[in-house]
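Student: I'd like to go through this one with you, a bit at a time. Can we look at how a few side chains sit and what they pair with?

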Amino acid sequence: MVSHAGSADLMEDVVCGRRRGGSVLIMTMRDDHSLAGELATEAGERLLELRARLGFEDGRALKDAGDRASHEFLMDALRRLRPDDAVLSEEATREERMDPRRLSAERVWIVDPLDGTREFSEEGRADWAVHVALWERGALRAGAVALPAWPGSAQEPAQGRTLTTAAPPELPEKVREPFRIAVSRTRAPEFVRELAARHGGELVPIGSAGAKIAAVLTGEVEAYVHAGGQYEWDSAAPVAVAVAAGAHASRIDGSPLTYNQGDPWLPDILVSLPDLAPTLLAGIRDLHRQTP
C-alpha cells in the first residue's frame, strides 16, 4: 500500500492545480454547463489516479483521501472561476453548509465531490460518481455527473463518461418490459419491492445515487425510486441532467424537488423515463393509501 505521505502529495497536486489529466484551473472562463462538465470530469480523473496510487488495502484511508482531495480541488476551482458564487458541498463543515449567506445568494454550486465512497473503495466497482450542479434563482440551471470508472461499451469503448446539461443524453424511446428500478445495494425500500411486484418490474441494485440516476438516462434501468432520505448534493447534479434530457424527476408524491434549502435533507425522490412516471406515481399513491 502507498503511504499516507504519497496521498498528501497527490492532494497537494490536486489543490495547487498541477496538471494531472486536465487543466481546469488554468482554463479560460467557460459557460456554466461546460464548466460543470469539465470540473466533474477532471475531479473524476484525479480520483482514478488517487485510487490507483493508494490501492484498496486500507478502504477507510482511500475513502477519506478521495473525499478530501476531490472537495479541495472543486472548492479551489470554483473560488478561482466563480468567485462570487456560493457553494454547498457534502464535504464542507456543518458551519459552512449552514451558512445563512448561501440562502440569500442568487447562484449556488451544489457539489458531491465523491458520491459513493463505499464503491470507490472497492476494487472493480464503477458505480461511483462526481456531482457538480448550479442552482440559480430557485432552479437547477446546469449540472454534470462524471462516472470516471464507467467501463465503456461497444458504442463508447473509452473508460469514463460524463453526463451533462451541455449535451444531455438521449433517452430510450420506449419503456422496456419488464421495466427495471434502480435500488440500493443493501437496503431497497420495502414499498419499492411491492411497487415492482405489482407492476411486473425488476429491481437492479446499483451503488451511488448518481450512478442510479445515470443508469436511467443511459437505458440500464427505467426508474430510480428512493424513500430513505438523502441530501441535496446526492441528487442535484443528476436531476439537473435528467430534467435537461427530458426525464421525469420529482418527489415520490409528484411534488417538485427543491434545492438550496436551509436544511439540505430531501426525504425521497423519483426519476424515471417520462412515459413510466404516471404508472409509478399512481402505484406509489395506491400503496400509501393501503398503509395503515
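Student: Is Thr164 buried or exposed in this model?

Tutor: Keep in mind that the model is predicted. Thr164 sits in strand S5, residues 161–164. Its relative accessible area is 11%, and the cut-off for buried is under 20%. So Thr164 counts as buried.

Student: Which residues does Thr164 touch, leaving out those up to four places away in sequence?

Tutor: We're looking for contacts beyond the neighbours along the chain. With residues up to four places away not counted, the list for Thr164 is Gly37, Gly143, Ala144, Pro169 and Val241.

Student: And which backbone nitrogen lies 3.2 Å from a polar atom of the Thr164 side chain?

Tutor: Two backbone nitrogens come up here. The one at 3.2 Å belongs to Ala167.

Student: Switching to charges, how many salt bridges does a search of the whole structure find?

Tutor: Side chains of opposite charge can pair when their charged atoms come close. For a salt bridge, the nitrogen and the carboxyl oxygen have to be within 4 Å. Searching the whole structure on that basis gives 20.

Student: Glu119 and Arg185 meet in a salt bridge; how many residues apart in sequence are the parts the pair ties together?

Tutor: The N to O distance between their side chains is 2.8 Å. Glu119 lies in helix H6 (residues 117–120), while Arg185 is in the loop between strand S6 (180–183) and helix H7 (190–199), so the parts tied together are apart in sequence by 66 residues.

Student: Of that pair, which residue is partly exposed?

Tutor: Glu119 has a relative accessible area of 6%, which makes it buried. For Arg185 the value is 26%. The partly exposed residue is Arg185.

Student: What is the distance between the closest N and O atoms of Arg185 and Glu122?

Tutor: Arg185 also forms a salt bridge with Glu122. Arg185 is in the loop between S6 and H7 and Glu122 in the loop between H6 and strand S3 (129–136), so this pair links parts 63 residues apart in sequence. The closest N and O atoms are apart by 3.2 Å.

Student: Glu122 forms a salt bridge with Arg125 too, so what are the relative accessibilities of Glu122 and Arg125?

Tutor: In that salt bridge the closest N and O atoms are 4.0 Å apart. Both residues fall in the partly exposed class. Glu122 comes out at 22%, and Arg125 at 26%.

Methods: Residues are numbered from 1 along each chain as its sequence is written. This is a predicted model: local features need pLDDT of at least 70, side-chain atom pairs count only at pLDDT 80 or more; totals for chains, interfaces and linings use all residues. Side-chain values use heavy atoms; hydrogens and water are left out. Helices (H or I, at least four residues) and strands (E, at least two) are DSSP runs, numbered from the N terminus. Buried means under 20% relative accessible area, exposed over 50%, partly exposed in between (1.4 Å probe, protein chains only). A polar contact is a pair of N or O atoms within 3.5 Å; within protein, one must be able to donate a hydrogen and the other to accept it, and residues adjacent in sequence count only if both atoms are side-chain atoms. Contact means heavy atoms within 4.5 Å.
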